[in-house]
Amino acid sequence: MKRFVFPASGPARPGTPSAAAGDAGRAAWGSLAGATLLAASVLLAGCSALQSEPESPETPAGPAVAAPESPLTVPPLSALPDTAARPLAGRFQRVNYADLPRWRDDDLAHFWPLFLRNCKGLMRPTSGSLAVPARAAPRAWQPVCAAAIDPARMPAANDPESVRRFLQTYLQPWRLLGADGKPAGNTVTGYYEPLVRGSRTQGGLHRWPLYAPPADLLTVDLGAIYPELAGKRVRGKLDGKRVVPYDTRAAMEANPARRPPALVYVDDPVDNFFLQVQGSGRVLLTDGPDAGKVIRLAYADHNGQPYMSIGRWLVEKGQMTADQASMQNIRAWAQRNPGRVQEMLNANPAVVFFREEPVTDPELGPRGAYGLPLAPRRSVAVDASFVPLGTPVFLDTTMPASEQPFDRLVFAQDTGTAIRGAARTDLYWGYGDEAGQLAGRMKQRGQMWVLWPKQAGEPSAR
C-alpha cells in the first residue's frame with residue numbers, strides 16, 4: 001500500500017459512510033464534518049526520498065498469495081528451492097524473551113489467524129529478483145509453519161498464552177542493530193486507509209479523477225540491463241524510438257486525449273490528493289446503480305514523476321504561512337479560489353494510478369508490498385534492507401503524542417519510499433475516523449526485535 005509517506009504530528013480525518021451518505025447535497029468544496037488539522041510537516045514535506053521508486057507486491061514475479069480465507073498449506077522443503085541470499089544492512093544480537101519490554105503484556109487473543117496468514121506469504125517460493133523488496137527466507141520458516149498446522153504442536157487459537165508458548169518454543173528473538181553495531185532506534189509513524197466520496201461518472205461535485213494505469217506507461221528495469229543498478233526502475237513512454245519521461249499531472253490535464261482512464265471522480269480535490277498520498281483508500285459511491293457501495297482503490301502504479309508538496313506551493317505563492325499549511329486551511333483556500341485549484345494540484349507532477357478491488361472484509365486493509373492484506377495495529381512498513389518482509393517484529397514504542405507504552409508483536413508486510421533506516425517503522429492503524437486520527441498524530445521513537453526460527457540461526461533474506 002505505502003507509496004508516498006510523510007512524517008506527521010497532526011491528525012487527518014477521513015469521512016465516514018454514514019456521514020457521507022447523508023450529505024449528498026453539500027456545497028462544492030465543503031469540508032468533511034469535524035475535519036481536523038493535518039500537520040504542516042505532512043503538507044510541506046519535500047523529502048527527496050519521495051522521488052525514489054515505490055515498491056510493489058511481488059506477485060508479478062512469483063506465485064500469487066493464497067486467498068486469506070483458504071487454509072494454510074505448507075510444502076515440503078524440496079518444493080522450496082533456495083535462491084541466493086541477499087545481504088542485510090543491519091546486524092542482529094541474540095537476546096532472551098525477558099529482554100523484550102512488556103513482552104507478556106501484549107494480548108495475543110486474535111493473533112493466531114494473522115500468524116497463519118503471514119505463513120502463506122512465507123511459504124511462497126522467492127523469485128530471486130532484486131527489483132522487489134527482500135523477503136524472509138522461506139526455507140528457514142518451513143519447519144515453523146509446518147508446526148503451526150500440526151494438530152500435535154499447534155496452539156489453541158483462542159488461548160493467548162498457548163499462542164505465546166508456541167512462539168517462545170519455535171522462535172528466537174534478535175535485537176536489531178544498526179550498521180554501526182549499536183541497538184537501533186528510529187522514528188515510528190502511522191498510516192491508514194481513508195474514505196472519500198465519488199462517482200463513476202464526472203459531473204456536478206464529482207470533478208476530480210482517480211486514474212487507472214495508462215496503457216502506454218512503460219517500466220524499465222535498469223538492473224536487467226546494468227547489474228550494478230539492480231532494484232532500480234524508471235517509468236516513461238515511447239516517443240518514436242526513444243523512451244521519455246511520462247506525462248506530468250499538468251500535461252495530462254491539459255490534453256484530454258492523453259488522460260488515463262478514470263476509475264472514479266472524487267467530490268473534493270484535497271481528498272483526492274490525500275488518497276494518493278496514502279496510496280490506497282476506499283470510495284463511497286454516491287450515485288448510479290452502485291450508490292451506497294464502498295469499493296477499494298488499491299495502488300497499481302505511478303507516473304514516475306517526483307512528488308512536490310501543494311502546501312509548500314501555497315506558501316511559496318504567498319497564499320499562507322508555513323504554520324497555516326493544514327488540511328483544513330488548504331480546503332478553505334480551495335473554496336475561496338475554485339479557479340486556481342487545478343493550478344495548485346498541478347504543482348505536484350506526480351500521479352498515482354489505482355486498480356479497483358472489492359472490500360471483502362471490512363476489518364482488513366489493502367494488500368501491502370508483501371502481497372497480503374494489512375491488519376490494523378499488527379502490520380508495519382519497514383526498510384526491507386534491514387528487516388525482510390514477512391518477519392514477525394516486536395515493536396517497542398508509545399501511543400501517538402503520548403508516553404503511554406505501545407509494545408506489541410507485528411508483521412513486516414509493507415514498505416514505503418520514506419521508510420528508510422534501521423528500526424524506521426510505519427504502523428498501519430486501519431480504516432476510518434479513529435485510525436486516521438491516530439495515524440496523523442503518530443510520530444514516536446521506537447526500537448524493534450525480530451523473531452526468527454530457532455533452528456535457522458541469524459535472520460536472513462532472499
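Axes here are lines fitted to C-alpha atoms, for helices over the stretch in contact, and angles run from 0 to 180 degrees between N-to-C directions. Helices (H or I, at least four residues) and strands (E, at least two) are DSSP runs, numbered from the N terminus. The model is a predicted one, so local features need pLDDT of at least 70 and side-chain atom pairs count only at pLDDT 80 or more, while totals for chains, interfaces and linings use all residues. Residues are numbered from 1 along each chain as its sequence is written, and side-chain values use heavy atoms, with hydrogens and water left out.

Let's start with a helix pair. The axes of α7 (residues 269–278) and α9 (residues 327–336) come within 9 Å and cross at roughly 140 degrees. That makes α7 and α9 oblique to each other, because angles under 35 degrees count as roughly parallel, over 145 as roughly antiparallel, 65 to 115 as roughly perpendicular and the rest as oblique. On the α7 side, Val-270, Asp-271 and Phe-274 meet Met-327, Ile-330 and Arg-331 of α9; contact means heavy atoms within 4.5 Å. Sorted by class, this contact has 4 nonpolar, no polar and 2 charged residues. The classes go like this: Ala, Val, Leu, Ile, Met, Phe, Trp, Tyr, Cys and Pro are nonpolar, Asp, Glu, Lys and Arg are charged, and the others, Gly among them, are polar.

Next up is helix α5 (residues 160–170), where Ser-162, Val-163, Arg-164, Phe-166 and Leu-167 are buried. Buried means under 20% relative accessible area, exposed over 50%, and partly exposed in between (1.4 Å probe, protein chains only). What do the buried residues of α5 pack against? Their partners are α3 (112–122), α4 (138–148), β2 (171–177) and β15 (405–414). Where α5 starts, a side-chain oxygen of Asp-159 comes to within 3.1 Å of the backbone nitrogen of Glu-161.

With 35% relative accessibility, Ala-157 counts as partly exposed. Neighbours within four places in sequence aside, Ala-157 touches Ala-109, Trp-112 and Val-163. Ala-157 and His-110 are 47 residues apart in sequence, yet 7.8 Å apart in space, C-alpha to C-alpha.

Finally, a sheet: 3 strands form an open one, ordered β6-β7-β8, with antiparallel pairing. β6 (218–221) and β8 (242–245) are at the edges with a single partner strand each, so one side of each has no neighbour in the sheet.

Conventions:
A polar contact is a pair of N or O atoms within 3.5 Å; within protein, one must be able to donate a hydrogen and the other to accept it, and residues adjacent in sequence count only if both atoms are side-chain atoms. Two strands pair if DSSP finds at least two bridges between them.
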